[in-house]
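Good morning, colleagues. I would ask you to keep the sequence and the structure in view while I speak.

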Amino acid sequence: MSHAPAPTHVPHHVAIIMDGNGRWAKSRGLPRIEGHRRGVETVRTTTFAARDLGVKVLTLYAFSVENWKRPQDEVGALMGLLEYYLKKELETFVRDRVRLRTIGRTDEMPASIQKLLRTTMEETKNFADYTLVLALNYGARTEAVDAARAYAAAVAAGKEKLNDSSWETFSRYLTTADLPDPDLVIRTSGETRISNFLLLQAAYAEFIFTPVLWPDFTKADLAAAIAEFNKRERRFGLTSEQLKPAAATK
Ligand code: IPE
Ligand code: IPE
Ligand code: MG
């Protein structure tokens, strides 16, 4: 028998902290918004690169609750780009069967964007094979507070029992309730922090930090991250031996 290479285990859910647009632009003497414009192109290519590589759910951190504190002209330009992106992509999502979802407090996004999101989500809701999740006005702490509030209300209404509280019952109140936890979290631009992204859901995710700036991120970079993910052993609190029962019984 031939020695076939071990099959690549593709992470079901990849989440990306898209960082480095500003530095990409600055290094070229361009305004920051130019970096964001290029970043949108990378969103587009990565959406399809991930699917080609076998990923089922791709979450992209597009705008954090903290990002509102950036200069007003940058925030305005980001909202404009998001609107342009959603308008342009609706057709592509429908044609290529991409289900769009969001996480975050989208009810605080501009009304025009909320409308586009609603339309796009409605038109793509039945595509079961591949999901693109945009984290918009997302912050893990805000999400935790919102979930705690909703959970408390459910307890008060008698829909949940405080004594039965568990991660399973509580996590149903997170905006990610119907999504699997991320297996792999990638952050571009060389920063090695989580910046309030999926703090609870990434409890057992593998993290990969790459120096590549988001506008330069390619399918090859994503494939390299998946290859690196394959070298990791996810132990979920167990010992390495427990994960390899055949070897352990020798
Ligand atoms: C990521 O790029 C995009 C958003 C956070 C919206 P940045 O704008 O943070 O780029 P840097 O970190 O300044 O290079
Ligand atoms: C995280 O990037 C948020 C997004 C990618 C949307 P930031 O650039 O805002 O994070 P910090 O400020 O460097 O931690
Ligand atoms: Mg940044």
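Predicted model: local features only at pLDDT ≥ 70, side-chain atom pairs only at ≥ 80, totals over all residues.

Helix H1 (21–26), helix H2 (32–52), strand E2, helix H3 (72–95) and strand E4 (131–138) each contribute at least two residues to its lining. The space in this pocket comes to about 720 Å³. Its lining numbers 32 residues, and those nearest the centre of the pocket are Met-18, Tyr-61, Ala-62, Phe-63 and Asn-67. By class, the lining of the largest pocket comprises 16 nonpolar, 8 polar and 8 charged residues.

Rolling a probe the size of a water molecule over the atoms shows where empty space is left. How many cavities of 30 Å³ or more are there? The count is 1. The volume of the largest cavity is about 40 Å³. Its lining consists of His-13, Thr-59, Ile-103, Val-133, Thr-176, Leu-179, Pro-180, Pro-182, Leu-198 and Gln-201. Of the residues lining the largest cavity, 6 are nonpolar and 4 polar, with no charged residues.

His-13, one of the residues in that lining, brings us to strand E1, which spans residues 13–17. Is this strand mostly covered or mostly uncovered? E1 is mostly covered, with 5 of its 5 residues buried. In a regular strand the side chains alternate between the two faces of the sheet. Here, His-13, Ala-15 and Ile-17 point one way from E1, while Val-14 and Ile-16 point the other way, and all are buried.

Which strands does E1 pair with? With strand E2 (residues 57–64), E1 pairs in the parallel sense over 5 bridges, and within E2 it is Val-57 that stands opposite His-13. With strand E5 (residues 184–187), E1 also runs parallel, and 4 bridges join the two. Val-14 has Leu-184 as its bridge partner in E5.

Finally, I draw your attention to two asparagines with positive phi. Asn-137 lies in strand E4, and its phi is near 50°, a positive value in a residue other than glycine. Asn-196 is placed in the loop between E5 and strand E6 (206–209), with phi near 65°, again positive in a residue other than glycine. Are these residues buried or exposed? Asn-137 has a relative accessibility of 2% and therefore counts as buried. Asn-196, with a relative accessible area of 12%, is buried as well, because the cut-off for buried is under 20%.

Key
Residues numbered from 1 in each chain as written. Chains lettered and ligands numbered in written order. Heavy atoms only, no water. Buried < 20%, exposed > 50% of the residue type's maximum accessible area, 1.4 Å probe, protein only. Pairing = 2+ DSSP bridges. 1 Å grid on protein atoms, 1.4 Å probe; cavity = no way out; pocket = protein on both sides within 12 Å on 5 of 7 lines; lining within 4 Å. Points joined across faces, edges and corners; volume = space filled by probe spheres on them. Nonpolar A, V, L, I, M, F, W, Y, C, P; charged D, E, K, R; others polar.
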